[in-house]
Amino acid sequence: MKAVYLLPCSCGQKVPVDAGQAGAKIACSCGQQLNVPTFRALRELEQVVPVAAAAVESGGGWNAIRGMMFSFGLLVSLVAAVCTCYHLYMFSQLLDGGESWKQSHLQEMDLDVDYMAPADALADFQSMATKGLTIDGVPPWSHVAELRDSSRRWLIGELIALAIGLVSLAASLIGIRPARPR
Ligand SMILES: [Zn+2]
């Protein structure tokens with residue numbers, strides 16, 4: 001395990017250096033260039049074993065890769081979970097062929113008629129009398145099957161993403177040990 005020594009600067013701070021830097025120059029955060037002493041003199045300096053570095057070397061702590069896997073896993077799982085809920089809801093609404101959806105839509109149209117001005121209602125009635133009972137454009141429930149299929153495809157993708165996210169999250173946490181003070 002690499003020993004880390006504290007090289008005092010005239011500004012009062014202590015700059016951590018290791019034996020590999022013996023004889024080299026190092027910049028303190030105050031801007032001053034410090035000469036790192038030779039290896040022999042280095043060993044006279046105050047020595048520290050940073051907890052984080054010790055943990056990484058023993059393989060049981062946090063490091064950049066674990067952190068990235070954890071953040072990635074968390075983000076992907078959260079987004080996938082939210083999307084899955086949304087599409088599960090959509091799917092459940094469309095499972096009966098969109099019947100309840102259609103009924104609520106028709107109810108809204110009924111309400112529209114109730115609040116129409118008499119002249120508008122009359123114009124509507126006349127157009128229905130000539131054209132028959134039609135709805136302008138494509139009624140939303142006519143593509144229920146399409147919506148249901150796309151919801152199903154989305155769901156499959158989201159569940160895969162959720163699995164990847166959770167696996168990544170779990171993998172980042174496997175083998176984590178609390179860093180022991182030495
Ligand atoms: Zn300094």
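This is a predicted model: local features need pLDDT of at least 70, side-chain atom pairs count only at pLDDT 80 or more; totals for chains, interfaces and linings use all residues.
Residues are numbered from 1 along each chain as its sequence is written.

Cys30 is found in the loop between strand S3 (25-27) and strand S4 (33-35); helices (H or I, at least four residues) and strands (E, at least two) are DSSP runs, numbered from the N terminus. With 12 C-beta neighbours inside 10 Å, Cys30 counts as exposed. A residue is buried if 20 or more other C-beta atoms lie within 10 Å of its own, exposed if 12 or fewer, and partly exposed in between, with C-beta atoms placed from the backbone. Gln13, 17 residues from Cys30 in sequence, lies 8.4 Å away in space, C-alpha to C-alpha.

The chain contains six helices and five strands. Read from the N terminus, its elements run β-β-β-β-α-β-α-α-α-α-α. Of its 182 residues, 7% count as buried. Among contacts between residues at least 6 apart in sequence, 61% join residues at least 24 apart.

Helix H3 (residues 64-94) and helix H6 (residues 144-173) have axes that come within 7 Å and cross at roughly 155°. Axes are lines fitted to C-alpha atoms, for helices over the stretch in contact, and angles run from 0 to 180 degrees between N-to-C directions. The crossing angle makes H3 roughly antiparallel to H6, given that angles under 35 degrees count as roughly parallel, over 145 as roughly antiparallel, 65 to 115 as roughly perpendicular and the rest as oblique. The crossing of H3 past H6 is left-handed, a term that applies if the near helix is turned anticlockwise from the far one by less than a right angle, and right-handed if clockwise. Residues of the contact of H3 with H6 comprise 23 nonpolar, eight polar and four charged. In this division Ala, Val, Leu, Ile, Met, Phe, Trp, Tyr, Cys and Pro count as nonpolar, Asp, Glu, Lys and Arg as charged, and the others, Gly among them, as polar.

H3 has 31 residues and reaches 44 Å from its first C-alpha to its last, close to the 45 Å expected at 1.5 Å a residue; the expected span of a helix is 1.5 Å times one less than its number of residues. For the 30 residues of H6 the corresponding span should be 44 Å, and the end C-alpha atoms are 42 Å apart, which agrees. H6 is followed by Gly175, whose phi is positive, near 80°.

In H3, the buried residues are Gly73, Ala80, His87 and Leu94, and what covers them includes H6. In H6, the residues Ser151, Glu158, Gly165, Ser168 and Ser172 are buried, and their cover includes H3.

Individual residues illustrate the pairing of the two helices. Leu94 lies in H3 and counts as buried, with 21 C-beta neighbours inside 10 Å. Apart from neighbours within four places in sequence, Leu94 is in contact with Val144, Leu147, Arg148 and Ser151. Leu94 and Asp149, 55 residues apart in sequence, are 9.8 Å apart in space, C-alpha to C-alpha.

Leu155 is found in H6 and counts as partly exposed, having 17 C-beta neighbours inside 10 Å. The C-alpha atoms of Leu155 and Phe91 are separated by 9.0 Å, the two residues being 64 residues apart along the chain.

Ala163 also lies in H6 and is partly exposed, with 13 other C-beta atoms within 10 Å. Its C-alpha atom is separated by 7.5 Å from that of Ser77, 86 residues apart along the chain.

Definitions and conventions: Two residues are in contact if their C-beta atoms, placed from the backbone, lie within 7 Å.
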